[in-house]
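Trainee: Could you take me through one part of this model closely, and then show me what surrounds it? I would like the criteria behind the terms as we go.

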Amino acid sequence: MNLKLRVWRQRSAAEKGKMVTYEVTDVSPDMSFLEMLDVLNEQLILDGEDPVSFDHDCREGICGSCGVMINGRAHGNGLFDSHPQTTTCQLHMRSFKDGDTIDVEPWRATAFPVIKDLAVDRSALDRIIQSGGYISAPTGTAPEAHSILVAKKDSDAAFDAATCIGCGACVAACPNASSMLFTSSKVVHLGLMPQGQPERNDRVVNMIHQQDLEGFGGCTNIGECSVSCPKGISMENISRLNHDLLGALRAGARPKS
Amino acid sequence: MALDLFTLGEPVADTKAPRDVPIGERWSERRFRAKLVNPANRRKLTVIVVGTGLAGGSAAATLGEAGYKVKSFWYQDSPRRAHSVAAQGGINAAKNYRNDGDSVHRLFYDTVKGGDFRARENNVHRLAEVSVNIIDQCVAQGVPFAREYGGLLDNRSFGGTQVSRTFYARGQTGQQLLYGAYQALERQMAAGTVEQFPRTEMLDLIVVDGRARGIVARDLITGEITTHFADAVVLATGGYSNVFYLSTNAKGSNATAIWRAHKRGALFANPCYTQIHPTCIPVHGEYQSKLTLMSESLRNDGRVWVPKERGDTRDPRQIPEAERDYYLERIYPSFGNLVPRDIASRQAKNVCDEGRGVGPNGLGVYLDFAEAMERLGRPAIEAKYGNLFDMYAQITGEDPYEVPMRIYPAVHYTMGGLWVDYDLQSNIPGLFVIGEANFSDHGANRLGASALMQGLADGYFVLPNTINDYLASGPFEKVDPQHPAALEALEGVRAQTEKLLSINGNRTTASFHRELGRLMFDLCGMERSEESLRKALDRIPEIRQEFWTNVKVPGEAGRFNQSLEHAGRVADFIELAELMCVDALHRNESCGGHFRAESQTPDGEALRDDENYAYVAAWEWTPEGVPPVLHKEDLEFEYVHLAQRSYK
């Protein structure tokens with residue numbers, strides 16, 4: 001099939017960007033969205049033009065590197081009834097029709113400055129993890145694994161939250177550019193495990209504080225995040241975070257610094 | 001062997017494992033004999049760690065916890081992206097929670113045998129010993145492993161073993177283990193012990209007075225090329241499967257760090273040992289950019305088959321039982337579908353070569369869950385493999401609950417890597433190599449669920465102990481950034497960058513990469529022969545020549561330039577490919593993933609030649625036009641009896 005792409009081009013964070021139109025021909029329905037962009041880029045290189053930059057790595061939907069807005073939807077999630085929620089690398093061109101025009105833009109959020117074209121800086125998410133998204137268990141200190149039992153339902157629910165890949169689609173989809181779904185997935189994962197209890201109050205308070213410092217917006221329970229999440233992380237995690245946050249504040253926990 | 005290919009150098013040997021005590025005591029004895037560094041002195045010592053996968057992430061975090069000043073480098077935007085994240089199936093540990101006869105010794109034995117007797121016994125035994133600590137460590141970090149209703153950890157079995165010793169987190173074990181290491185690493189960054197260098201790629205090693213003292217790296221956003229210095233350098237940069245272009249590795253996975261270290265003098269061991277994983281989604285088109293693995297755990301319940309008759313194009317569901325060939329169950333009755341990866345892959349190739357392959361291009365076999373669905377019910381299959389089935393459906397557009405999956409082997413892992421001793425130190429003092437980037441534990445074939453085990457063993461438990469012995473003689477004299485060795489390395493990287501951008505030819509980097517990959521898969525893949533390897537060795541220098549005169553790399557050096565990154569990596573892959581073929585050609589025996597057509601048993605199994613090839617081939621780099629130098633490390637088997645591997 002043949003497609004018309006309108007792609008956000010921006011040479012660097014300091015320069016202004018704009019949408020540029022490209023024609024891509026002979027697209028196979030079995031290609032992934034990124035393979036279609038590869039075809040465009042090879043053509044641009046041979047034509048002596050600057051290829052489109054975009055982040056990607058594993059191309060199997062697990063590393064969280066890739067992610068663009070496709071026709072205004074993060075990873076294209078929500079555009080196709082038949083398609084399960086996915087990452088951009090796992091969206092296949094069979095979801096599109098010959099002659100389609102597709103808008104391709106980077107994640108848009110104050111906390112995610114554009115590096116070039118479709119690649120953005122998501123290090124703010126790492127700093128949220130740094131502020132408390134861990135269990136302090138230095139190497140060598142661990143007790144025998146079976147000395148602490150974990151109820152299967154807790155372990156399974158913790159796993160479901162822990163499958164967040166940190167791609168940032170939730171932020172890009174949110175009208176407030178809030179990272180609440182990301183933050184809550186880690187708060188809930190660790191908060192459901194017995195090993196995570198000692199730091200539970202401090203963790204939630206510090207992570208929310210860092211999230212605010214990074215310039216993410218507040219959560220108003222709109223739900224675009226969960227619909228756009230390639231791993232289907234549930235909004236229930238946000239409720240659980242709020243529950244933990246309230247409990248922690250009442251217990252006197254306050255952010256560091 | 002023709003001497004035009006290489007010359008023979010002095011043998012190498014590991015001198016660090018204490019051979020005067022029994023194997024079960026060697027690791028604790030080594031730790032006892034190794035020198036220590038007093039906590040107050042650790043602050044004065046700097047360690048560079050390149051890579052943040054299971055090995056690099058866990059090592060950087062653990063060294064930071066110990067009090068060293070750590071500089072952590074990675075090319076992705078976040079340490080959580082490292083390709084360990086994609087490992088699906090699980091991690092082995094000799095916990096014997098199933099009471100099924102497992103032990104440290106059995107894990108050791110299975111791993112040496114699984115590696116077709118081409119791994120070093122001492123390293124493998126240590127790996128089996130520390131495997132139990134890894135599970136404890138990860139559970140303490142909150143890794144949500146699969147559990148049973150009583151709250152205990154669940155296990156499953158994997159290829160090449162007859163016990164259930166694999167711990168897992170649904171089909172995302174690597175992701176969960178990596179996040180454990182990543183979180184520990186972020187904690188150390190917050191504590192200020194680990195300094196971070198995101199989106200920064202190592203492009204050379206700085207060797208001063210014979211010691212590894214730093215690296216040259218390029219900031220991928222600004223394009224700035226800078227030098228960084230330390231008392232020791234740790235490479236945890238993964239494997240080189242992307243030599244084959246199509247592999248299950250991430251697109252960015254590359255050999256540049258280890259290859260540049262090799263060109264600085266580090267020996268490269270067993271480069272031809274590559275693992276072709278039997279259960280991947282088949283190739284479907286020319287534009288394809290990568291292959292996707294379906295976890296080996298699927299072989300616990302899925303049955304592999306092809307039609308008995310060639311050219312049978314019926315819908316698989318219409319083919320009666322009597323007309324199906326469950327060839328693994330037929331040939332290997334005791335291991336059945338759970339034979340090791342090298343064997344499962346080669347048999348898939350054999351049935352396809354016979355014309356019995358399935359799918360559009362005949363390069364595929366069925367992996368069928370109909371029997372398991374009947375036995376266990378769909379909900380049980382969904383719980384065990386749900387995400388894998390979803391992934392398959394998304395990529396192929398077919399529903400594996402309804403029709404059998406189609407699978408074909410794909411390059412997945414490289415057992416070869418930089419040569420290291422028992423301390424995981426290369427032949428360059430101060431250069432340590434951990435995880436897939438080294439060669440040490442898997443011999444000629446890696447068993448499933450052993451890569452995660454090795455990465456975390458090296459990073460959490462082995463390196464943080466052995467590196468002390470080296471650092472105890474530091475801190476070393478500070479390296480002046482104007483030191484000739486540093487300047488030479490920096491200038492070399494700058495010159496190569498400028499050269500790549502100036503060629504301005506007619507072909508893209510990707511087109512060279514695809515050509516190299518296809519050549520390597522066809523001529524140095526699942527089956528190799530003198531003829532195929534000679535052909536590859538004729539062709540690779542031509543590809544190299546054309547690359548350096550006709551590649552077109554757009555953009556500038558001083559900007560975010562993904563084309564430039566790719567070009568540098570492909571330049572190194574081309575050189576590495578040549579060494580892989582030389583190694584494969586010189587090793588005139590079949591072992592594990594290295595199958596030489598000339599060396600097989602009457603029934604087509606790999607035939608080792610222990611008399612002539614029971615050694616590690618450690619290669620020394622030589623300039624273009626001079627044949628590489630082979631250093632042999634003889635493998636001694638004191639505890640495992642050398643035998644023809646049999647899974648029948």
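Mentor: Happy to! B:A217 has B:T226 opposite it, and B:T226 lies in strand 9 of chain B. The strands here, like the helices, are DSSP runs numbered from the N terminus, where a helix is H or I with at least four residues and a strand is E with at least two. Strand 8 (residues 211–219) of chain B runs antiparallel to strand 9 of chain B, and 5 bridges join them; two strands count as paired if DSSP finds at least two bridges between them.

Before going further, keep in mind that this is a predicted model, in which local features need pLDDT of at least 70 and side-chain atom pairs count only at pLDDT 80 or more, while totals for chains, interfaces and linings use all residues. Residues are numbered from 1 along each chain as its sequence is written, and chains are lettered from A and ligands numbered from 1 in the order in which they are written. The predictor's scores are ipTM 0.98 and pTM 0.97. For chain B the mean pLDDT (the predictor's confidence in each residue, from 0 to 100) is 95, and 100% of the residues reach 70 or more.

Back to our strands: they belong to an open sheet of 3 strands in chain B, ordered 7-8-9 with antiparallel pairing. Strand 7 (200–208) and strand 9 (225–229) of chain B are the edges; each has a single partner strand, so one side of each has no neighbour in the sheet. Ignoring direction, neighbouring strands in this sheet are turned by 30° against each other on average. Angles like this run from 0 to 180 degrees between N-to-C directions, and axes are lines fitted to C-alpha atoms, for helices over the stretch in contact.

Chain B has another open sheet, in which 5 strands follow the order 12-16-15-13-14 with antiparallel pairing. Its edge strands, strand 12 (274–280) and strand 14 (324–325) of chain B, each pair on one side only. Helix 9 (residues 341–353) of chain B packs on this sheet and touches strand 12, strand 13 (303–307), strand 15 (365–368) and strand 16 of chain B, its direction making about 65° with that of strand 12 of chain B. Between strand 12 and strand 16 (residues 405–414) of chain B there are 5 bridges, in the antiparallel sense, and B:Q275 stands opposite B:Y413 of strand 16 of chain B.

Among the residues making the contact are B:F512 and B:L516 of helix 14 of chain B and B:I543 and B:F547 of helix 15 of chain B; contact means that the C-beta atoms, placed from the backbone, lie within 7 Å. By class, the residues of this contact divide into 8 nonpolar, 1 polar and 3 charged, with Ala, Val, Leu, Ile, Met, Phe, Trp, Tyr, Cys and Pro counted as nonpolar, Asp, Glu, Lys and Arg as charged, and the others, Gly among them, as polar.

Finally, the partner chain. Chain B brings 62 residues into contact with 64 residues of chain A. Helix 6 (173–191) of chain B is one of the helices that supply at least two residues of the chain B side, and helix 6 of chain B gives the largest share of that side, 9 residues. The chain B side comprises 24 nonpolar, 24 polar and 14 charged residues.

In chain A itself, strand 1 (residues 3–9) and strand 5 (residues 101–105) pair in the parallel sense over 4 bridges, with A:L5 opposite A:I102. Strand 5 of chain A also pairs with strand 3 (residues 69–70) of chain A, in the antiparallel sense over 2 bridges, where A:M69 has A:E105 as its bridge partner.

Terms used:
Contact = placed C-beta atoms within 7 Å.
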